[in-house]
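Hi there,

Here is the model I promised to pass on. Have a look at it first, and my notes follow below.

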Amino acid sequence: MMKCLQLFFICLCLPFAAYAVDPIEFKSEREEQRFQALAKELRCLVCQNESLADSSAGLAQDLRAEVIVQIRDGKDDHAIKTYMTERYGDFILYNPPIKSTTWLLWFGPFVLLIIGAVVVLNIIRGRKAETKNITAAEDPVKSDW
Amino acid sequence: MNARMLPLLAFGVLFALLSFGIWYIKDHNLKEVPSPLIGKPAPNFVLPMLYDPQQSLDSKTLSGKPYILHVFASWCFVCRDENPVLMTQGKALGIPLIGFNYKDEPDQAKLWLQQFGNPYDVVIADFSGKTAIDFGVYGAPESFLIDGQGRIRYKHIGAITAETIEKNFLPQLEKIRQEQAP
């Protein structure tokens, strides 16, 4: 029974593994590495939580084909990313560029961290002052809990 | 400030944030990707006509007058729902409506138009989807309002409804017309 179930689940995984990969024949290992790196950095716009490398959507296939064509045309990574952002905007990049509209995105968490640290420090200081007052006012033997 | 009020304040801030989120997504689709092409020249294209593949339409011949490029496909279910709107209100806009048949089988597309009605003045076919990439298309339906100078003025993602025509297309078209007739 267990084996049957296991087999069933393994079978469930199979077609998807075959789906997402196009039969691209890479000319060299370097080319493949460049392609894989780019495809991981670019977002599939149809299923927006997947990268081009992972997605089986038709548009992702087209864009992957475009990436490999441009790599073979001798374009550098920057030029290929520019090609994509000119058409689809910064959203297609998983790594958004640092500019005035993305400052909040990049530095917001650090601002929150600083605010949090200030709040925590304040609370600690308040407690310290409190305990000092208490120990000063009370009998040291009684407060020995 | 009283430190005991802090949890209440934190709750208030969270509550406000979540309420804003619920209010915001009522008329914003978070999956919509804003086009960087608004206000920029529409990409040039030469694409075969669906009904006469020997002939092709060159985007240069379209300049001078505003038009709408509407991305549709027979595999697109939303297109089916919006087609009646295009048949009536779309035609009434008074500008050419160009059907952009996106990654479709020509025979299927023709059958679809026969079945649901053809609101377009011309239908062009982008079988490979290459021109669509130039336009930043990532699904269907999508529509582009292009002015007489060939610039993309407005992009609508998703189905065209009577409301979107009233609220978005007509005001944009009015702006274009005012600019053209000084």
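Which residue in β4(B) does Ile68(B) stand opposite? That residue is Leu97(B).

Before the rest, some bookkeeping. This is a predicted model, where local features need pLDDT of at least 70 and side-chain atom pairs count only at pLDDT 80 or more, while totals for chains, interfaces and linings use all residues. Residues are numbered from 1 along each chain as its sequence is written, chains are lettered from A and ligands numbered from 1 in the order in which they are written, and side-chain values use heavy atoms, with hydrogens and water left out.

The sheet in chain B

Chain B has an open sheet of 5 strands in the order β5-β4-β3-β6-β7, with mixed pairing (strands pair if DSSP finds at least two bridges between them; helices are DSSP runs of H or I with at least four residues, strands are E runs of at least two, and both are numbered from the N terminus). β5 (122-126) and β7 (152-157) of chain B are at the edges with a single partner strand each, so one side of each has no neighbour in the sheet. From one strand to the next, the twist averages 20 degrees. Strands β3 (residues 67-72) and β4 (residues 97-102) of chain B run parallel and are joined by 5 bridges.

Helix α5 (residues 162-180) of chain B lies across β3, β6 (142-146) and β7 of that chain, at about 175 degrees to β7(B) (axes are lines fitted to C-alpha atoms, for helices over the stretch in contact, and angles run from 0 to 180 degrees between N-to-C directions).

Where the chains meet

The contact (heavy atoms within 4.5 Å) takes 16 residues from chain A and 18 residues from chain B. Together the chains bury about 1,300 Å², 55% of it on carbon and sulfur atoms (accessible area, with a 1.4 Å probe, lost on putting the two parts together, summed over both). There are 3 salt bridges between chain A and chain B (a side-chain nitrogen of Lys or Arg within 4 Å of a carboxyl oxygen of Asp or Glu). Lys103(B) and Asp62(A) form a salt bridge through their side chains, at 2.6 Å from N to O. On the side of chain A that touches chain B, α3 (58-72) and α4 (77-88) of chain A are the elements giving two or more residues.

Lys103(B) also has a phi near 45 degrees, a positive value in a residue other than glycine, and sits in the loop between β4 and α3 (106-116) of chain B.

Two more details

Over all chains, the salt bridges come to 13. Glu31(A) and Arg72(A) meet in a salt bridge at 2.9 Å, N to O; Glu31(A) is in helix α2 (residues 29-41) and Arg72(A) in helix α3 of chain A, 41 residues apart.

The peptide bond from Ala140(B) to Pro141(B) is cis, with omega near 0 degrees. Pro141(B) is in the loop between α4 (130-134) and β6 of chain B.

Enjoy exploring it!
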